[in-house]
Amino acid sequence: MSKSNVVLLDHWVSPYAMRVRIALWEKGVDFESKQQDLSNKSELLLRSNPIYKKAPVLLHDDKPLCESLIIVGYIDEVWPSPPLLPSSSYERATARFWADFIDKKFAEAATKLWRSARSTEELEAAKKEFFETLKQLEEFLGEKDYFGGENFGLVDLALIPFWSWFSAYEKFGGFKIESPKLYAWMQRCMERESVAKALPAQEKVLEFVCTLRKILGFDQ
């Protein structure tokens, strides 16, 4: 398939865009990445995602798809090998539940960590919620290699991009994450070429977040 048939409106630091890159590389799909300046959104982005006006957007044969988990699900249907979801209907539903949990609980708490002013009640509440969700994810992982068992799948793909943000969470949350089980899982994921290529260095993400906090007025 020529690259012109698959275009990703991308943003290098977005965990949600990282998900799509990982999925495409896991499937061996050639695609063109068009990095977006979210402070000066392109006409193509606004036209392709008029509702949310944000990346990522996947253009397949010029047809736009928005929202990372929806895009990943589409990729898994169109390019079914290797599958990102298990064969069992129950296990597929379970994987979708936890991917949704990551978006609605984990990511929300994590975002509050770096978007909060230091030493505030809001920050303390975010830290509590963040560690609660980490504990729940750790319990679901159990002793498995990946969240779905022996194979890298949807839940792994949904969570691993946030690994690149962990230094920022620790710095602005004022804590150190200590979870040997999750760290072993993260290192296992990082050994995959698709993940290693998709995730920027934590130092680059931290630098981006420091700059963004100044722009937002949290730091001088």
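Are Phe-130 and Phe-166 buried or exposed? Both Phe-130 and Phe-166 are buried, where buried means under 20% relative accessible area, exposed over 50%, and partly exposed in between (1.4 Å probe, protein chains only).

## Ground rules

This is a predicted model, so to speak: local features need pLDDT of at least 70, side-chain atom pairs count only at pLDDT 80 or more, and totals for chains, interfaces and linings use all residues. Residues are numbered from 1 along each chain as its sequence is written, and side-chain values use heavy atoms, with hydrogens and water left out.

## Aromatic rings

A pair of aromatic rings is described by the distance of the centres and the angle of the planes. Here, rings of Phe, Tyr and Trp (its six-membered ring) pair if their centres lie within 6.5 Å; planes under 30 degrees apart count as stacked, over 60 as edge-to-face and the rest as tilted. Searching the whole structure turns up 21 aromatic pairs. Take Phe-130 and Phe-131: their ring centres are 5.6 Å apart and the planes sit at 85°, so the pair is edge-to-face. Phe-130 has a relative accessible area of 0%, while Phe-131 counts as partly exposed at 32%.

Phe-130 also pairs with Phe-166, with centres 6.3 Å apart and planes at 65°, so that pair is edge-to-face too. This one links distant parts of the chain, as Phe-130 is in helix H5 (residues 121-141) and Phe-166 in helix H7 (residues 166-173), 36 residues apart. Helices (H or I, at least four residues) and strands (E, at least two) are DSSP runs, numbered from the N terminus. Ring pairs also build a cluster whose members include Tyr-16, Phe-106, Trp-114, Phe-130 and Phe-166.

## Pockets

The largest pocket comes in at about 710 Å³. On a 1 Å grid over the protein atoms alone, a pocket is an open set of points where a 1.4 Å probe fits, with protein on both sides within 12 Å along at least five of seven lines; lining residues have an atom within 4 Å of a point. Grid points are joined across faces, edges and corners, and a volume is the space filled by probe spheres set on the points. Of its 27 lining residues, the closest to the centre of the largest pocket are Ser-14, Pro-15, Tyr-16, Lys-54 and Ala-55. Helix H4 gives the most to this lining, with 6 residues.

The second largest pocket has a volume of about 430 Å³. It has 24 lining residues, and Leu-85, Pro-86, Gly-148, Gly-149 and Asn-151 are the closest to its centre. H4 supplies the largest share of this lining as well, 4 residues.

Asn-49 is in the loop between helix H2 (43-48) and strand S3 (57-60), and is buried at 2% relative accessible area. Its side chain reaches the backbone nitrogen of Tyr-52 at 3.2 Å. Beyond neighbours within four places in sequence, Asn-49 is in contact (heavy atoms within 4.5 Å) with Lys-54, Val-57 and Cys-66.

Gln-36 is in the loop between strand S2 (32-35) and H2, buried at 10%. A polar contact of 2.7 Å joins the side chains of Gln-36 and Ser-42; such a contact is a pair of N or O atoms within 3.5 Å, and within protein one must be able to donate a hydrogen and the other to accept it, with residues adjacent in sequence counting only if both atoms are side-chain atoms.
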